[in-house]
Amino acid sequence: MVFSHDVELALQAATVLANSALEPDTLTTVADLSQVFVDFDYSGRHDADAAELEAVRGLRSELRELLTASREEAVGLVNTMLAEERAVPRLMRHDRFDWHLHAVADDDPLPKRIRVETAMAMVDVIRADELSRLGTCADDECDGVVLDLSRNRSRRFCSTTCGNRNAVAAYRARQSQ
Ligand SMILES: [Zn+2]
Ligand SMILES: [Zn+2]
């Protein structure tokens, strides 16, 4: 594990959300959002309505900007996000998670939670000077955000679809030589 479990989950969630805005959009229904909520072990308030969905959809460009920012740019974005949301960190222990930080109240809306938890996770990334764990997809046609949490930093593609497409292209290129 590169970062603590909750930090990695928050980064993975933010990456999935940012990439959901790529064509074809994969965050178009309340059910899509509920799936993200479950997949990434979010806790607290989840309205599961159209207003919440719209608000989360509206966060995606900011998440992308943060995840692909330089270290200096990321500092500015994180400080702004934490200040705007008036984040107040406190240690929590719940479900199967040992002590970790929450910076929003349980009844705060999900979009605020996503914004704050992404910013808090980026605090760890910035402090550890690990921005190189984040980048964009090695596929020429794809703008997907890549989060590389692998030990040997081997991840280059945003998805298995992009990875497979490039593996096939590389194979064909070798065959035709
Ligand atoms: Zn928690
Ligand atoms: Zn890609």
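Student: Is serine 61 buried or exposed?
Tutor: Serine 61 is exposed, since its relative accessible area is 54%. Exposed means over 50%, buried under 20%, and partly exposed in between, with a 1.4 Å probe and protein chains only.

Student: Where does serine 61 lie?
Tutor: In helix α3. Helices are DSSP runs of H or I with at least four residues, strands are E runs of at least two, and both are numbered from the N terminus.

Student: How far is serine 61 from valine 75?
Tutor: They are 14 residues apart along the chain, and their C-alpha atoms are 17 Å apart.

Student: What should I know about the model itself?
Tutor: It is predicted: local features need pLDDT of at least 70, and side-chain atom pairs count only at 80 or more, while totals for chains, interfaces and linings use all residues. Residues are numbered from 1 along each chain as its sequence is written, chains are lettered from A and ligands numbered from 1 in the order written, and side-chain values use heavy atoms, without hydrogens and water.

Student: New topic. Which residues are the protein donors of the zinc ion?
Tutor: His94, His100 and His102, each through NE2, at 2.0 to 2.1 Å from the zinc ion (ligand 1). Donors are N, O and S atoms within 2.8 Å of the metal, or 3.2 Å for Na, K and Ca; water is not among the atoms, so sites may look incomplete.

Student: What spacing do the donors follow along the chain?
Tutor: H-x5-H-x1-H.

Student: And are histidine 100 and histidine 102 buried or exposed?
Tutor: Both are buried.

Student: What about leucine 91?
Tutor: Leucine 91 sits in strand β1, residues 90-94. Its relative accessibility is 57%, so leucine 91 counts as exposed.

Student: What is leucine 91 in contact with?
Tutor: Trp99, His100 and Leu101, leaving aside neighbours within four places in sequence. Contact means heavy atoms within 4.5 Å.

Student: Now the inside. How many residues has the largest nonpolar core?
Tutor: It has 45, and Leu11, Tyr42, Ile114 and Met122 have the most contacts inside it. A nonpolar core is a set of buried Ala, Val, Leu, Ile, Met, Phe, Trp, Tyr and Cys residues joined through side-chain atoms within 4.5 Å.

Student: Which element gives the most to this core?
Tutor: Helix α5, with nine residues.

Student: What does leucine 11 touch?
Tutor: Phe3, Ala121, Met122, Val125 and Leu147, not counting residues up to four places away in sequence. There is also a second, separate core of six residues, including Cys137 and Phe157.

Student: How do α1 and α5 cross?
Tutor: Their axes come within 9 Å and cross at roughly 120°. Axes are lines fitted to C-alpha atoms, for helices over the stretch in contact, and angles run from 0 to 180 degrees between N-to-C directions.

Student: What do we call that?
Tutor: α1 and α5 are therefore oblique to each other. Under 35 degrees is roughly parallel, over 145 roughly antiparallel, 65 to 115 roughly perpendicular, and the rest oblique.

Student: Which residues of α1 meet α5?
Tutor: Val7, Ala10, Leu11, Ala14 and Leu17. Among their partners in α5 is Thr118.

Student: Is threonine 118 buried or exposed?
Tutor: Buried, because its relative accessibility is 1%. Threonine 118 touches Ala14, Leu63 and Leu66, not counting residues up to four places away in sequence.
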